[in-house]
Amino acid sequence: MFRVRPLLPWIRSSVQTTLKLQTDTSKSESVRRNLRLPHIGCRSHCRTVSNLNNRGMATGGEASKEEVAKAEAAKEEPPKQGNRLVASKSPYLLQHAYNPVDWYPWGEEAFEKARSENKLIFLSVGYSTCHWCHVMEHESFESPETAAIMNEHFVNIKVDREERPDIDKVYMQFLLMSKGSGGWPMSVWLTPDLAPLVAGTYFPPKSRYGMPSFGAVLKSIAKKWETDKESLLNAGSALLAALQKNQDASAVAEAAFEAGSALQKLREGINVHKQRFDQTHGGFGSEPKFPEVPRLNFLFHGYLVTKDVDVLDMVIETLNRIGKGGINDHVFGGFARYATTQDWHNVHFEKMLYDQGQLMVAFANAYKVTRKETFLDYADKIYKYLIKDLRHPLGGFYAGEDADSLPTHDDKVKVEGAFYAWTWDEIKAAFTDQAKRFDDITPERAFEIYAFHYDLKPPGNVPAYSDPHGHLTGKNILIVRGSEEDTCANFNLKPEQFNKLLDTANDILHVLRDQRPRPHLDTKIICAWNGLVLSGLCKLANCYSANREQYMKTAKELLEFLRKEMYDPKQKILIRSCYGVAVGDETLEKNESQIDGFLDDYAFLIKGLLDYYKSTLDVEAMHWAKELQDTQDRIFWDEKNGAYFFSQQNAPNVIVRLKEDHDGAEPSGNSVSARNLVLLGHYYDDNSYLQRAGKLLNFFADVAPFGHALPEMLSALLMHENGLDLVAVVGPDCPDTQRFVEICRKFYIPSMIIVHVDPSNPEEGSNRRLQTKFKMVGGKTTVYICHERACRMPVTDPQQLEDNLMSYFSLNRA
């Protein structure tokens, strides 16, 4: 979601009267006051398709199994002649490289053709793990008849939204403004000058449920362009002018934050979350349910400030439900994109890298707050999934895995969940086949326990209303309805017996599952998302489990990968993405025409580097973070009005620069940047960073309700207004000093920064004032805990430090 001043009524009226094409688009929940626009209800490949599914309706877009099978049978051999996308590196564009559609990549060649032939542009935006993108491809883009219409009347362009989020966000904004909701695949018709005219998401091949067929839409727009071009042009040019005017919007002066604003916004944000909290199933709102990690981390911070037990209960209950739910891959690890049912059971099985990185942080925070090993186990299983299934051998991580796969190697039609769901008999047979692995427990007994714990049913446990296409008929999605204690009590098991049985059973199924056809792997390596993983690894390492060294080794290799492969040291700029080939293959490819990093690439990586510094005290990571922040300020900062644009100034073929003001599946780049600026300001004792943070925060001060729309930014506001907690550890680089630092890292203190002062090497630090201010006491490593330059008595005893931190920052519920 991006800031757009009150244009909505005029825009909708203009667009709707320009072209009378009705699509089934339900309203997304609005998080803005007055005329602010609703955010995208589904971050994945649903527009409102998922909502139709959840009501038990066959969507207008899903082809029947028979239709898909016929289409597959009719094209046993793919076309030999590829289109212009064959030269692409993007896995999504390559999926369309042999469509009969004369696709172009986004670029001047396509625009020149549109101008010279006076044709409209049809822009199709999606990504390679997008289920509904696949559906529309099979139904329409692989159809010679549909392709003929497209090729005759339009210049057709494909964009990978993950590769070019700047293009995606601009036209998604138009879609949201004109329809009220959005998602992928996104379909937009543009003038040769790139002004949007008409937009939608998925269109079926035949008219269904009030939705026009894609062919009818194409013909209608083509006819309108031929017979009534002026009305289309007038709407497009007026809209473009309105969008461009809004990129110059200034902050609302009367909404600027004042002393005490942070606590007032905190109370408001907490109340909104309490109202939306699902008391029965955890999470917020009804289906579909997303992890929404920025909300969870905000609530942890909110509890620390308010000590309101209900706030802590909301976030812990939500993480418990996510961990127990079908959204969790209990067999091996990692989390699906979202749940389609309110109880987190049936899910959309796509696994995305940004979710894994953020959930590692959330579970690490939950462990620090509660000291419950379960949360650490969830995070560790995410790590194992990343290492096995998403890691490039040189250290970077791939974008994600698809929801769809072939049920067997002999099948030709992919279905959603085929890789993850199980029949009752499959699991029972697997346990019988591996009976010896259960030691003194019979396979029948092991299966009985396993089926009880994961709520397995002989006819399957997926309700029909949540599976309208029958992809999961007779299948089970593992979910824990009770608890480990319930299962142990029911079967008179000791916890260690139960855990051993569960580990054995899941390993058996994991090995068996790996023999199935795997879902498609998107081997694109995205800088921003790898920054989120870097944060997750560091936060997890700071829990100090037995695997800390392993986590930090992976984090170090990731940092080195990003610096070597996704950074241009001469220009000091980041590169958006590069491309692997497969897990285990060291081949690494890059675009011939480099795509520079966007705001999120800088903000998320800077955050990861600051978290890496906190985990290692490696001052070089801190210095690189500062260098990247300086570049970010130079190429994205709005000097006139404040805050950061998503794209660079003078970026080619980007019709408008936008500023995102919503924390969704990922936090916005501005929210993360506000936090980064506050931390850098204190680490480097540089007030210019804090002033910039203040101007950024005030630019978004009129967003309402602030804590619901921008939970991550509200955390930054709390840090900016209330100050940070400085822990200065004074002593040589030795085990004693490390012990003090380890104690500090184990606590959940979002406003804490750690500075190591080495008396023998004062030049290495980032903050010269601190390097000279603090001294060792009695020749011992000494710790100072300060808030806004007011310091408590120095501590030289580790136990006393831990007791003090418990006293100052205790999260004791008593």
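Are Cys130 and Cys133 buried or exposed? Both Cys130 and Cys133 are buried, a word that stands for under 20% relative accessible area, whereas exposed stands for over 50% and partly exposed for what lies in between, with a 1.4 Å probe and protein chains only. The two residues return below, after an account of the chain as a whole.

The structure is a predicted model, in which local features need pLDDT of at least 70 and side-chain atom pairs count only at pLDDT 80 or more, while totals for chains, interfaces and linings use all residues. Residues are numbered from 1 along each chain as its sequence is written, and side-chain values use heavy atoms, with hydrogens and water left out.

The protein chain has 814 residues, of which 63% are buried. Its secondary structure comprises 30 helices and 20 strands; these are DSSP runs, helices being H or I with at least four residues and strands E with at least two, numbered from the N terminus. The chain exposes about 30400 Å², and carbon and sulfur atoms supply 48% of that area, as computed by the Shrake-Rupley method with a 1.4 Å probe, where for residues only the protein chains shown count as cover. Among contacts (heavy atoms within 4.5 Å) with a separation of 6 or more, 73% are between residues 24 or more positions apart.

Four strands make up an open sheet of mixed pairing, in the order E18-E17-E19-E20; two strands pair if DSSP finds at least two bridges between them. Strand E18 (752-757) and strand E20 (790-791) are at the edges with a single partner strand each, so one side of each has no neighbour in the sheet. Strand E17, residues 725-730, pairs with E18 in the parallel sense over six bridges. Within this sheet, Leu726 stands opposite Ile753 in E18.

His273 belongs to helix H11, which covers residues 261-276. With a relative accessible area of 0%, His273 is buried. Leaving aside residues up to four places away in sequence, His273 touches Phe284, Arg295, Phe298, Leu299, Met314, Gly707 and His708.

Aromatic rings form a further theme. Rings of Phe, Tyr and Trp (its six-membered ring) pair if their centres lie within 6.5 Å; planes under 30 degrees apart count as stacked, over 60 as edge-to-face and the rest as tilted. By this rule there are 36 aromatic pairs. Phe598 and Phe646 are a stacked pair, because their ring centres are 5.5 Å apart and their planes stand at 10 degrees. This pair links distant parts of the chain, 48 residues apart: Phe598 is in the loop between strand E16 (577-579) and helix H22 (599-616), and Phe646 is in the loop between helix H23 (619-636) and helix H24 (669-683). Phe598 is buried at a relative accessible area of 6%, and Phe646 is buried at 4%.

Another pair, Trp637 and Tyr644, is edge-to-face, at 4.9 Å centre to centre and with 70 degrees between the planes. Trp637 has a relative accessible area of 9% and is buried; Tyr644, with 0%, is buried. Elsewhere, ring pairs join Trp103, Phe122, Phe141, Trp189, Phe203 and Phe214 into a cluster.

Charged side chains also meet rings. A charge sits over a ring if NZ of Lys or CZ of Arg is within 6 Å of the ring centre and within 35 degrees of the ring normal. Arg84 lies over the face of Tyr104, 3.9 Å from the ring centre. The charged end of Arg161 is placed over the ring of Tyr127, at 5.8 Å from its centre.

The account now returns to the cysteines. A disulfide is a covalent bond between the sulfur atoms of two cysteines; here the criterion is a pair of cysteine sulfur atoms within 2.5 Å. A search of the whole structure finds two disulfides. One joins Cys130 to Cys133, with an S to S distance of 2.3 Å, and this link is right-handed, with 80 degrees about the S-S bond. The other joins Cys786 to Cys791 at 2.0 Å from S to S; with 100 degrees about the S-S bond, the link of Cys786 and Cys791 is right-handed. Cys786 is buried, at 1% relative accessibility, whereas Cys791, at 33%, counts as partly exposed. Two further cysteines are buried: Cys488, with a relative accessible area of 7%, and Cys538, at 0% relative accessibility.
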